[in-house]
Each structure stands twice: as C-alpha cells, then as structure tokens.
Amino acid sequence: MLILGIESSCDETAAAVLADGEELLADVINTQVATHAKYGGVVPELASRMHLEAIYPVVEEALSQAGVTLADIDGIAVTQGPGLIGSLLVGLSFAKAVSFVRKIPYVGVDHMNGHLLSVFLGQHRPAFPYIAVVASGGHSSIFRVNSAKEYLLLGRTRDDAAGEAFDKVAKLLGLAYPGGPVIGKLAEEGRGDAISFPRAWLTPDSLDFSFSGLKTAVVNFVHKHRQKGERVLPQADICASFQEAVVDVLVEKGIRAAKRENIDRIVLAGGVAANGRLRAEMARRGKEQNIEVYMPAPRFCTDNGAMIALAGYHRFLAGEGGYDYEMDVYSRVAI
Ligand code: KG4
Ligand code: ZN
C-alpha cells in the first residue's frame, strides 16, 4: 500500500511517500523557519500563506523523488490537528481536493499519533505497549502507547511546552529562532550545574509538566545580572543550566511513567527529542533503570510527512479513511 503523507500543522510544509508502512520512498520538508525567525516565532498568518505556496511543489517533489504518480497512490494521510487552524486547512483542503479529483481515499491523522510512531521510521523499534515522552514546540506530554492507533495521555504541560521554553529563552538571550538547536549548541560550551534553575516536579506522583517557572527564573537571572552592571552574560552557562533543568524533568517523569505503568520501554519523540543532551541522559537513566530507550533519528523528531504517512497507513489498515469531505481540522488536543 502506497501512502502519500501530508503535514502542515505549524511551520513546515511536508510530504512523504511510504510503501507498506516500511519503505520511505520520499520525504520532502519545506521549512518556513527563515521567515518566522525575523519575528522570533511563528506568525500564523504568514504560515498559512507560505503553506499555500509550498504545498503543491512539495507534494510534486515527493512524488517525483519516489518515482511515482498520483495514479500509484492508494491512500492520502493528512494532519487534521492539533496545530494552527489556517495552516492545517491548507493541508486538509489540498488532500480533499486530490482525493476527490483522483478518487483516492484519504484519512485524517492526529499530529501526536504521527510523533508517537516516528520511531518506527528507524530500525530500532519498540514492542507495544511503550511509554512515549513527546516534547515539541506545541506539546510536552507523556503517553502510554498500546498500539499504532491507541494511546492514553498520562501527563501534559500545564503551561509552556518544552520546545516553547527553549524558543522563549533563546529570544531572551537574543539568539536565533528556533531556540532548541541554538541553545543545544551553546550549552556544549557551558556548565549544566553553573546556575541552579528550578525543576517543577509538581506533586510527587504527577506526570504533568510546567516550564513557565523555569522560563521566569531565567528571565530573573538575566535581569539581575544586567542590574549589577555586568554587561557580558554567561550565555553558555545559562543555556547549559537551563537545558539541564528541562532534561532532568523530561527524563525523570518518563522513568516515573514507565515504573507506574510497569513498562520497560520508553520512546522519545517531538522536536526537543533531537536534543543531544536529552538523548544522552535518557539513554543513561534508562540503562540504569533497566528500561530500553528508543529514539527516532533527529530528522524524524521534528515535524515531517513520513510520520503522518505511517500513522495514516495504520488507519487505512484498520479500515478507516474514505471520501467524507465533511472532515474539519481541530486546533487543540482532544481529551
Ligand atoms: O516537533 P516540532 O518540529 O514541532 C512541533 O510540533 O511543535 O518541534 C519544534 C520544537 C521547537 O520548539 C524547537 O526549538 C525544538 O523543537 N527543537 C529542539 C531541538 N531541535 C528542535 N529543542 C532542543 N534541542 C534541539 N536540538
Ligand atoms: Zn510536531
């Protein structure tokens, strides 16, 4: 079964062609980062306009890279939500139009379902059930994943997402958007224990996250530093110490979830899972606790069409998908 996957929930227009849920024939990503970087974050209105311009060439490029035409495609998988409404609508409307004109069934895919399965795009794959820690620009959540289609939310952020915290701290320090990769790089030259930033554990058994206090602590640290008249900020130490605080909480809560659910497999996913320090620390703690840790290659951590194609493939296998053009997008996680 040949699936065309389309993703447009945030600032990446992406399309992929996946054969039988196994072989990735094409994976094209057009990122809008350079445009949004000027504003220090994603501007929704600009994002939808850019998706509109990119969607056709991106899909064409994916088909051509895969060496196929629409006549070969058995199903279209498209991100339905959560994400920016205007951005999602571009992908969904495009998918509906192609489905209608070419008589190819389509299926709506939850963006999180894509992230949860992204690890299967590599060779080191977990068995079900597993615990997944998904940390991205829009979400920081822990799931119990029972099957390719069924997953249970165990905890989520009460305020900022982990990636959002990276982006906001980067902005504060005058660094480029998106903040994650830049902070990760700078942190390599700093000390993670240089500044003691807070970790929000919430209640002892909570699997929820809160990153806004950490962000405020970094803001306060920077202001105090400036007030003292010290002009040069210890940027690398701030980055490393901030990163350490985020990593500590994500890793510890992932382990807690695994213990509570009595599952010895943890999957990292989402853009922040591309972070080298998080990957290393999760691997170390997993080993220590006899928990097997699985991580997608960094390019499958950030948004892509391949994970949407894969999640869609499993939906089609289960008999979902078709020609219902009443389907609408949704902006927030349905709970
Ligand atoms: O999954 P993703 O591409 O989009 C959303 O669904 O949100 O995640 C993007 C987020 C951004 O906040 C970015 O700063 C963060 O992932 N990110 C990273 C790294 N690469 C991307 N955070 C930390 N370290 C990285 N290497
Ligand atoms: Zn995402």
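Modeller: Two packed helices are described by the angle between their axes and the distance between those axes. In this predicted model, the axes of helix H5 (residues 162–172) and helix H8 (residues 235–261) come within 11 Å and cross at roughly 175°.

Biologist: How are H5 and H8 oriented to each other, roughly parallel or roughly antiparallel?

Modeller: Angles over 145 degrees count as roughly antiparallel. H5 and H8 are therefore roughly antiparallel to each other.

Biologist: Which residues in H5 and H8 meet?

Modeller: From H5, the residues are Ala162, Ala165, Phe166 and Val169; in H8 they meet Phe242, Gln243, Val246 and Leu250. Sorted by class, this contact of H5 with H8 has 7 nonpolar residues, 1 polar residue and no charged residues.

Biologist: Let us turn to the whole chain. How many helices and strands does the protein have?

Modeller: The protein has 11 helices and 10 strands. Its radius of gyration is 20 Å, close to the 20 Å that the globule rule gives for 335 residues, so the protein is as compact as a globular protein of that length. The C-alpha trace spans about 65 × 45 × 30 Å along its principal axes.

Biologist: What of contacts between residues at least 24 apart in sequence?

Modeller: Among contacts between residues at least 6 apart in sequence, 72% join residues at least 24 apart.

Key. Residues numbered from 1 in each chain as written. Chains lettered and ligands numbered in written order. Predicted model: local features only at pLDDT ≥ 70, side-chain atom pairs only at ≥ 80, totals over all residues. Heavy atoms only, no water. Axes fitted to C-alpha atoms, helices over the stretch in contact; angles between N-to-C directions. Helix = DSSP H or I, 4+ residues; strand = E, 2+ residues; numbered from the N terminus. Parallel < 35°, antiparallel > 145°, perpendicular 65-115°, else oblique. Contact = heavy atoms within 4.5 Å. Nonpolar A, V, L, I, M, F, W, Y, C, P; charged D, E, K, R; others polar. Rg over C-alpha atoms; globule rule 2.2 N^0.38 Å.
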